[in-house]
Amino acid sequence: MMFADKPVVTLQNVDVFQKDSLVLSDVNFSINRGEFVFLTGRTGSGKSSLLKTLYADLWLQKGHAEVSDYVIERLRAAEIPFLRRKIGVVFQDFQLFMDRTVQENLMWVLEATGWTERAKMKTRIAEVLMQVGMAPAIDKFPHQLSGGEQQRIVIARALLNDPHILFADEPTGNLDPEVSAQILKLFLEINKSGTAILMATHDFEMIRQFPARMLKCENGKVLEIQGDKGI
Amino acid sequence: MSKSKQLGNTPNLLVIVSLTIALLLIGLCGLLTLNAHKLTELIKQNVELQVYLENDLSTSKLDSVFKEIAKQDFVLLKEGSPQINFISKDVAAKKFVEESGEDYTKLLGKSNPLLNLYTVKVKPEFFNEKSLLALKTRVEKIDGVHEVSYVENFVDSINEKISKVYIILSAFVALLLGIILILINNTIKLALYSQRFLIRSMQLVGATNQFIRKPFIVKGALQGLTGGLIAATLLVVAQQVALHRIEGLAALQEMDKLVMLLVIIIILGVLIGAMSTFQSVERYLHKSLDDLYK
């Protein structure tokens, strides 16, 4: 059980490697429950690698990291799926199954993460679709939805297991500005209901519109940025 | 487009065709081995002692020698009657002239140097050098028998040749199996390449590897089953065609062994299909995202 005051994410002296090359060194920060944090920086500055380290896609080689009560440097391969059920991951390459409806997509995830009761599963799917404003699309196929709508479904999928934190890597990467703003509003709403969010983006216009805590990857370090200075 | 995104979807036709060809070739080798095995058994059953008789025996004497031999325990019985044939020296002479093309009568005049003989079929259990030698001395003691002979070292030479054939055949099958496993592995690997991001997505929502593997392996096993069934059908067809074309082949057929071979082919198909898929999925399960883009 999580204590209310314990951070969801803690990093101490973490070095982030991409293959054998050091991308970020001596990273220290923590994210509290219900916090909203932007992670910015140029392309290639190590944002994605940092996120991957946090959801155990890249091995943590040096330092201490704790995500949702899992100690990342001591994580065994068999535990990785269970860590990922406590967090939500949203990013561009993250695909929906094109051969099945929205409901079947979400149902698959619930089955994969150990749900068994049909009625509860259906209720949960209805809940998350309501949360992302896509309830009417339940029986549609992904190709019948627009890019923004698909992204909402992906977000709904990430919310299914009621995660403590969402990791979003350029979630609005290939959406037009208007749709991007809507998606960001959705993230803010999810955040209001208590889920912490760490969002990597290089869309500074968006950050200006929705000010929040900001971390910046620059020259191999992660810096805490106050206000909108240094953008 | 949407089809390649189907879960566990691999190009059915490609995988099934290569599996079918592989299994068919292995099956044909198996069929060949079965027939060769049966053939040696038949050859062994046809081993004969040649009992040469003294010249100028009376008909009653010939008859008593026949009865004496027929009493022996080594004589092969067919439907209760001993398998003993009488070949008169005239018949033997004609046969000799036919086979050798040399008319010795021109050299020797009317006199026939050949002897009357009984050919005696021997039970398979006496078919080894030692027993045959014992039989030879036993039969030679019978009054009226001039000499007994059999083809010496015949047994050993058959056994040697057959085991050579087996070694070559099994080496061929092993080589084939190796090539085929690589081929099928490649086919399945390519097929799964289009699904690598899907596999990725499943991992990121927190599905265990076991859960992700299952649909792929079920599919692979089904493809193997299909390939196996087609190969088995083709084998039966090939065997029937061979039966009609090759005379005497029918004598070599054993239904129970053929059925066993077909069952093995089908099981082999399922195993190869499932295991190759397992291996290929495993490869993608342990790849990092960056490697997926390569």
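Predicted model: local features only at pLDDT ≥ 70, side-chain atom pairs only at ≥ 80, totals over all residues.

For my own reminder, a disulfide is a covalent bond between the sulfur atoms of two cysteines. I also checked two cysteines for cover. A:Cys217 is buried, at a relative accessible area of 2%, and B:Cys29 is buried too, at 6%.

**Chain A in outline**

I went on to chain A as a whole. I find 7 helices and 10 strands in it. Of its 231 residues, 55% count as buried. I then looked at contacts in chain A with a separation of 6 or more, and residues 24 or more positions apart account for 68% of them. The chain exposes about 10,600 Å², and carbon and sulfur atoms supply 49% of that area.

**The cores**

Which residues touch the most other members in the largest nonpolar core? I noted A:Trp108, A:Leu129, A:Ile155, A:Phe187, A:Met199 and B:Met202, out of 71 residues in that core. Helix H9 of chain B, residues 255-285, gives the core its largest share, with 8 residues.

Leaving out residues up to four places away in sequence, I see it touching A:Val90, A:Val132, A:Ile183, A:Leu186, A:Phe187 and A:Ile190. There is also a second, separate core of 35 residues, and A:Val27, A:Leu60, A:Ile87 and A:Leu198 are among them.

**One helix in chain B**

Next I checked helix H5 of chain B, residues 129-140. Its 12 residues should span 16 Å at 1.5 Å a residue, and I find the end C-alpha atoms 17 Å apart, which agrees. The buried residues in this helix are B:Ser131, B:Leu132, B:Leu135 and B:Val139. Seen down the axis of H5(B), the buried residues fall within an arc of 95 degrees, so they line one face of the helix. That made me recall the general rule: an α-helix has 3.6 residues a turn, so residues three or four places apart point the same way.

Last, I looked at backbone angles. A:Asn13 has a positive phi of about 50 degrees, although it is not a glycine. It lies in strand S1 of chain A, residues 9-18. A:Ser68 is not a glycine either, and has a positive phi of about 50 degrees. I place A:Ser68 in the loop between strands S4 (62-67) and S5 (70-71) of chain A.

Are these two residues buried or partly exposed? A:Asn13 is partly exposed, with a relative accessible area of 44%, whereas A:Ser68 is buried, at 2%.

How values were computed: Residues numbered from 1 in each chain as written. Chains lettered and ligands numbered in written order. Heavy atoms only, no water. Core = buried A, V, L, I, M, F, W, Y, C linked by side-chain atoms within 4.5 Å. Buried < 20%, exposed > 50% of the residue type's maximum accessible area, 1.4 Å probe, protein only. Helix = DSSP H or I, 4+ residues; strand = E, 2+ residues; numbered from the N terminus. Contact = heavy atoms within 4.5 Å. Areas by Shrake-Rupley, 256 points an atom, 1.4 Å probe, with all protein chains shown as cover. Expected span 1.5 Å × (residues − 1). Arc of directions from axis to C-beta.
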